[in-house]
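Dear colleague,

I am passing on the structure we spoke about, and below it you will find my notes on what turned up in it. Please read them beside the model.

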Amino acid sequence: MSAEELPSAYDPAAAAEKWSVAWAKAGVFVADPEAEGEPYSIVIPPPNVTGSLHMGHALNNTLQDVLIRYKRMDGFNALWVPGVDHAGIATQWVVRRQIEAEGLDFREYGREKFLERTWNWKGESQANITNQLKRLGVSCDWSRERFTLDDGLARAVKEHFCKLYEDGLIYRGERLINWDCADQTALSDLEVEHDENVKGELWSFAYELSEGEGEIVVATTRPETMLGDTAVAVHPDDERYKHLIGKTVKHPFVDREIPIVADAILVDPEFGTGCVKITPAHDFNDFEVGKRHDLPMINILNRDGTINGQGGQFEGMDVPTARKAVKAAIEELGLFRGSKEHLMNIGRSQRSKAIVEPMLSTQWFVSMKPLATPALAAVELGATEFVPKQWENTYYAWLRDIRDWCISRQLWWGHRIPAYYCDDCGKVMVLRDEPEACTGCGSTNWHQDEDVLDTWFSSALWPFSTMGWPDKTADLAKYYPTSVLVTGFDIIFFWVARMMFAGLYFTGQVPFKDVYIHALVRDQNGEKMSKTKGNVVDPLTVIDSAGADAFRFTLIAFAAQGRDVLWDPKRVEGYQRFTTKIWQALRYCFLDGEAYDPNAPMEFGPYEHWIRARTGAAVARVRTALDGYKFNEAAAEIYQFVWGEYCDWYLELSKTTRYSDTLSEARKNGTRHVLFETMGVIVRLLHPMMPFLTEEIWSKLPGTPDGFVTTAPYPKEADFPRDQAVLDEIALLQQTITEIRRIRGEMELSPRVGLRLLVGDDALLAKLQAHTQALDDLAGVQVEALTERPAGVATAVVRGVECVIPLEGVVDFAEELKRLDKVLAKSEKDVSQLERRLSNPKFVEKAPEDVVAEVKEKLELAKSRHETLVASRARIAEAIQ
């Protein structure tokens, strides 16, 4: 192939379509548990079937793909399992809104019809997500794609539930839970978001004593909950109230006397009046008091958040209305004792955003302490490690202070709880399969629990259920435990911890050896992306405009450990130019590609030995970065090597050989060979990050093995011998060329102006004269011996040796001084104007951040240019003297 046959530009869209089809047809990502190689496995954090992917998904899956492609190329038997999550409450909410947008009540729609519609939505959403992931270039084993509600995972979930129930770790009981009145379902603690420091009101009122005169004053931020009060608590040592302990007060609205109890755990005698109203069915602290004192637990709320029959005259009101009505009624009775502003935390449903009501309810729970202990020990003992390590503290904090997990949800979409109730004798049966008859009385009249399980109950099994558990499969034996989990910090509680205790309990092994926690993708101002802010970036839009390769490389280059990704579209443009640079380098390799003969004799010069040694060093650094999950460092190393060493130096140095009239054909053939060889290494090194570009180039390189670059071996440092003498030799050449280019830049000398470099050190002179052609081609300089120092010179210091460049005849000193004086005057004015602009507080405070940053950058460039001009003028002035 010649350069003329190679397209002039890389077409990312065409390459993506071409190679996606080719990879799928060849089945290169299908794992074989019987094949050789050390196992390396990842299970994808399954996206929710609630819509399309966002930038966080793009980052997460790009990083996973880098790892799996790297390990696959490095000889591992690699498996990446894809799939999606049914996302119970989130997906039900999406479909519910669709139905309500049609003017229908989703509850009247009916369960079966609703589920049918949700399954249709799931099909559309999953297809969309899969298409997005493929466009991103991920190398999942699509033959193993799973869904958290598929038949295999449904069987695993039943086994999970039944086994924990049989072992006494799942129970059904009446407890206080978080209740979402909008969705009418229980929520776990983690599904509740808290609005902190919300301005509220601490409202005080009096309960009158049942016997004799007197009252006891309590305060609350939720006056309506007094309808469910069953006690007033005081501290046992509080002298003000000791004589009242054991007595009762009258409830003003319902026929109920309320006891006064002593409780040293809850009550602080120094706070407020030292008296606390106790509503066990609607406050978590009060619930514990209720248990300690065996108090009645009166639920005053219906499922929809309205007051029930226990509320007497307030029955049927919603909470805000009831609150106002209760306050008005208390004031009318003359029992109001004042109010004051009070900051409080308000819990809201993560999904519906409705205010969460603590409510007494019969639900299913998991006893967490026995499961949390081994999950804690696994990380403490190093069986699983977090990267960055500080995220272990988040994991520890939740598990060490864990409460029992409410796993039942009053939803339709999800795994239905495998519990069956006999309609005749009331027996509760927890079974893996539907019963034929009641195991207690033999009746065939039974019904299944209407509730479904918390989404995270099934997701906790993901690393091993996707591999066939509870069956003992070849995949499970080969690929479990998985190698790494790549995820965000926001689901360490929700998912990571739960996978840990489930994996340990059911398999006896941790589910993953490493947990890599990546940061959030924010906009360029550091703001979290959201539709309401209008700063959301659609990954497909970026792929359409820049190509998947540049998009992926941008994400990777940003992915520094412990630091949020600040998305900057200009960086994508920069990495687009990087793909163009690589493609143009390939075209250069093919300029006389037809003359290359891999079987003909080859000789290699110092430039070839140098680039091979530098290649080995780059390979070592990239491997070290990838092995340490330092993705941004790996990207930076590749970028620097490709642009800064291969393109800027080796390609330029190779011209002295390729276009030489005196060097042998074997030497030229050796140069052609190393050009293609190094391009092949670059392609393999870069493939995990830019899969489509590298596959396209690999298919065109001469001498590459049959097949794909995705299955080619990842480069090893040992493949590239290190020649220190050559490294030193070329480093000297580079320093010399750089010094001369610096002088040209400072004096604004055209590259076409020939220069002489006079060297007074014989050893240095000999070393430089060995590269006469390179110095002429790359620096426009002839190297000569310094016999007498001429007047009017520029000085270059090379390896501590002062060398000089005669300027007489090159520069008209007087005219150059005049020109520089004019340029310096303008330069000073530019610096002054920019400094004045930045010293203006109004500009700095009111201008957009990106505008201020741009002005600061301009100022730094202006100052740097000014300093260069000053140095140049000083050099000319010295030459005149």
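Pro481 sits in the loop that runs between α13 and β22 (482–488), where helices are DSSP runs of H or I with at least four residues, strands are DSSP runs of E with at least two, and both are numbered from the N terminus. The peptide bond that leads from Tyr480 to Pro481 is cis, with omega near 0°. Please bear in mind that this is a predicted model, in which local features need pLDDT of at least 70 and side-chain atom pairs count only at pLDDT 80 or more, while totals for chains, interfaces and linings use all residues. Residues are numbered from 1 along each chain as its sequence is written, and side-chain values use heavy atoms, with hydrogens and water left out.

A cis peptide bond also joins Trp469 and Pro470, with omega at about 20°, and Pro470 lies in the loop between α12 (462–465) and α13 (474–479). Elsewhere, Lys353, although not a glycine, has a positive phi of about 70°, and this residue is found in the loop between β13 (336–349) and β14 (356–366).

**Overall form**

The protein has 27 helices and 29 strands, and its C-alpha trace spans about 120 × 65 × 55 Å along the principal axes. Its radius of gyration is 37 Å, whereas a compact globule of 881 residues would have one near 29 Å (taken over C-alpha atoms, with the globule rule being 2.2 Å times the number of residues to the power 0.38).

**Cavities**

The structure holds four cavities of 30 Å³ or more; a cavity is a set of points, on a 1 Å grid over the protein atoms alone, where a 1.4 Å probe fits but cannot get out, and its lining residues have an atom within 4 Å of a point. Grid points are joined across faces, edges and corners, and a volume is the space filled by probe spheres set on the points.

The largest cavity has a volume of about 80 Å³, and its lining includes Leu53, His54, His57, Gln132, Pro539 and Phe551. At least two lining residues come from each of α2 (55–73), α5 (111–136) and α15 (539–546). By class, this lining has eight nonpolar, three polar and no charged residues, where Ala, Val, Leu, Ile, Met, Phe, Trp, Tyr, Cys and Pro count as nonpolar, Asp, Glu, Lys and Arg as charged, and the others, Gly among them, as polar.

The second largest cavity, with a volume of about 50 Å³, is lined by Ile89, Gln92, Trp93, Arg96, Phe106, Arg107, Asp183 and Leu411. The largest share of this lining, four residues, comes from α3, and α3 (88–101) and α4 (106–109) each supply at least two. Its classes are four nonpolar, one polar and three charged residues.

**The α3 and α5 pair**

The axes of α3 and α5 come within 10 Å and cross at roughly 110° (axes are lines fitted to C-alpha atoms, for helices over the stretch in contact, and angles run from 0 to 180 degrees between N-to-C directions). The two helices α3 and α5 are therefore roughly perpendicular to each other, a term that covers angles of 65 to 115 degrees.

With best regards

Key
On a 1 Å grid over the protein atoms alone, a cavity is a set of points where a 1.4 Å probe fits but cannot get out, and a pocket is an open set with protein on both sides within 12 Å along at least five of seven lines; lining residues have an atom within 4 Å of a point. Angles under 35 degrees count as roughly parallel, over 145 as roughly antiparallel, 65 to 115 as roughly perpendicular and the rest as oblique.
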